[in-house]
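User: I am new to this structure and would like to understand the terms used to describe it. Please set each value against its definition and then conclude.

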Amino acid sequence: MSDALPRELPSAHPQGTSGVKAALTALYNWNYESEIDQLRTLYANALERQWIALRDLDWSLAIDRDAFSRTFSLAGIPIQETQFWQDLAPDMRWEVSRRSAAFMLSNFLHGEQGALMVAAQLVNAVPHMDGKFYAATQTLDEARHVEVFAAYIRKLDEVYPIAPGLKQLLDNVLAAEDWKKKAVGMQVVAEGLALYSFRDMRNQTKEPLLKKLLTYVSRDEARHTGYGVKYLSAVVPTLDASERAGLEDFAFESARLLIDSRVGNSIRQTVFKLWEAAGIDMAQAFGSIMKDRERIAQSMQRTGGRVGPIRGFVIPTLHAIGLFSERIRGHFDEMFEANVGRETARRTGEIPDLPEDLEAWVNEGYENV
Ligand SMILES: [Fe+2]
Ligand SMILES: [Fe+2]
């Protein structure tokens, strides 16, 4: 048994397995002709765009620590531009960046494992042959994502356990009987949030291996989100009002588990604990960062502001597929107001349009990578 364990994994890696009862009905479809052309096209694209982690990325490169700490950002906030950050010793900057990034990337890694299992479930559970074909390619994509995130985190030398909210979301999606709930929870909410966050991190970081890895992974994720959008857009109009409301509720609950600070253990709270563990005096840090809030605001304004993955991407997606009624908008508004205050929630309340071509949106500036 011990021989089967990869020796390079750091000792902090959480060992063992755990399970959740995952019932679904496996559906045969005896019609092998294409029924939803857009999904068949997406399947053909996926075959065309396969890549190989060991061949296409240079794993011999060590992490460029300076580039890594210089361009570190916390959930889109350019912390590296503050006086507080510039005053830290380079070793401390690296340590704080390393721990925070290891926490974020660990959750990306665990989320990818969940996506791998859900994609495999979709092969069984979706009723259309085009949907099954596509989900088969996504299963392979997700295996590759688990592979590359695990390999990168190995270089950071620290793996954190899965965040409780993300674990609950994955459990709920795996356990859902209805394939449409799986598609909403995984393809729209979890993958939408992942795609937005990967692209954001890719645009921020100057660390070459991470930048390239995230570009490759984001291209795959753009297809995965595209699958959810195209498939559900075709199916949602055929549902009755109560089924539609059930899907909206499932989407809202999935998003709430990831971002609602009232559930405790929010990502931001956990990251601050990591900073403390690295030796930062948080009271002093907050005081110092507050002095720079004008500079932070200006810098964020220059880069187009930041609405975050839920408002910037997940809600526009729900809107596009017909799952954002006034009723569910009220739930989201209430959550944002409770989290960031009424003023801020209103100021950033505009829903942007979903980019028309997701792949082009991901590739912006990186066409030749
Ligand atoms: Fe993925
Ligand atoms: Fe994915």
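User: What makes the crossing of α1 and α6 left-handed?

Analyst: A crossing is left-handed if the near helix is turned anticlockwise from the far one by less than a right angle, and right-handed if it is turned clockwise. In this predicted model, the crossing of α1 and α6 falls in the left-handed class.

User: Why are α1 and α6 called roughly parallel?

Analyst: Helix α1 covers residues 37-48 and helix α6 residues 129-156; they pack at an angle of about 25°, with their axes 8 Å apart. Angles under 35 degrees count as roughly parallel, over 145 as roughly antiparallel, 65 to 115 as roughly perpendicular and the rest as oblique, so α1 is roughly parallel to α6. The axes are lines fitted to C-alpha atoms, for helices over the stretch in contact, and angles run from 0 to 180 degrees between N-to-C directions.

User: Which residues make this contact, and how do they divide by class?

Analyst: Helix α1 contributes Leu39, Arg40, Leu42, Tyr43, Ala46 and Leu47, while α6 contributes Asp130, Gly131, Phe133, Tyr134 and Thr137; contact means heavy atoms within 4.5 Å. Seven of these residues are nonpolar, two polar and two charged. The nonpolar class holds Ala, Val, Leu, Ile, Met, Phe, Trp, Tyr, Cys and Pro, the charged class Asp, Glu, Lys and Arg, and the polar class the others, Gly among them.

User: How does α5 meet α8?

Analyst: These two helices pack at about 145° with their axes 10 Å apart, and the crossing is left-handed. Among the residues that meet are Met104, Phe108 and Leu122 in α5 and Trp179, Met186 and Phe198 in α8. The contact has eleven nonpolar, four polar and two charged residues.

User: What makes a group of residues a nonpolar core, and where is the largest one?

Analyst: The term covers buried Ala, Val, Leu, Ile, Met, Phe, Trp, Tyr and Cys residues joined through side-chain atoms within 4.5 Å. The largest such core has 59 residues, and those with the most contacts inside it are Tyr227, Tyr231, Ile310, Leu318 and Phe332. Helix α8 (residues 179-204) supplies the largest share, ten residues. A second, separate core has 48 residues, including Tyr152, Leu209, Val217 and Ile289. Within the largest core, Ile310 touches Leu193, Ala255, Ile259, Ile315, Pro316, Phe332 and Phe336, leaving aside residues up to four places away in sequence.

User: Why is Ser97 called buried, Ile351 partly exposed and Asp157 exposed?

Analyst: Buried means under 20% relative accessible area, exposed over 50% and partly exposed in between, using a 1.4 Å probe and protein chains only. Ser97 has 0% and therefore counts as buried; Ile351, at 29%, is partly exposed; Asp157, at 52%, is exposed. Ser97 lies in helix α5 (residues 90-125), and its C-alpha is 5.7 Å from that of Ser69, 28 residues apart in sequence. Ile351 belongs to the loop between α16 (342-347) and α17 (358-363); its C-alpha is 7.1 Å from that of Gly312, 39 residues apart in sequence.

User: What makes the phi of Asp157 worth noting?

Analyst: Its phi is near 70°, a positive value in a residue other than glycine. Most residues other than glycine have a negative phi. Asp157 is placed in the loop between α6 and α7 (164-175).

User: How many helices and strands does the protein chain have, and on what conventions do the values rest?

Analyst: There are 17 helices and zero strands; helices (H or I, at least four residues) and strands (E, at least two) are DSSP runs, numbered from the N terminus. Buried residues make up 50% of the 369 residues. Residues are numbered from 1 along each chain as its sequence is written, with chains lettered from A and ligands numbered from 1 in the order in which they are written. Local features need pLDDT of at least 70, side-chain atom pairs count only at pLDDT 80 or more, and totals for chains, interfaces and linings use all residues, while side-chain values use heavy atoms, with hydrogens and water left out.
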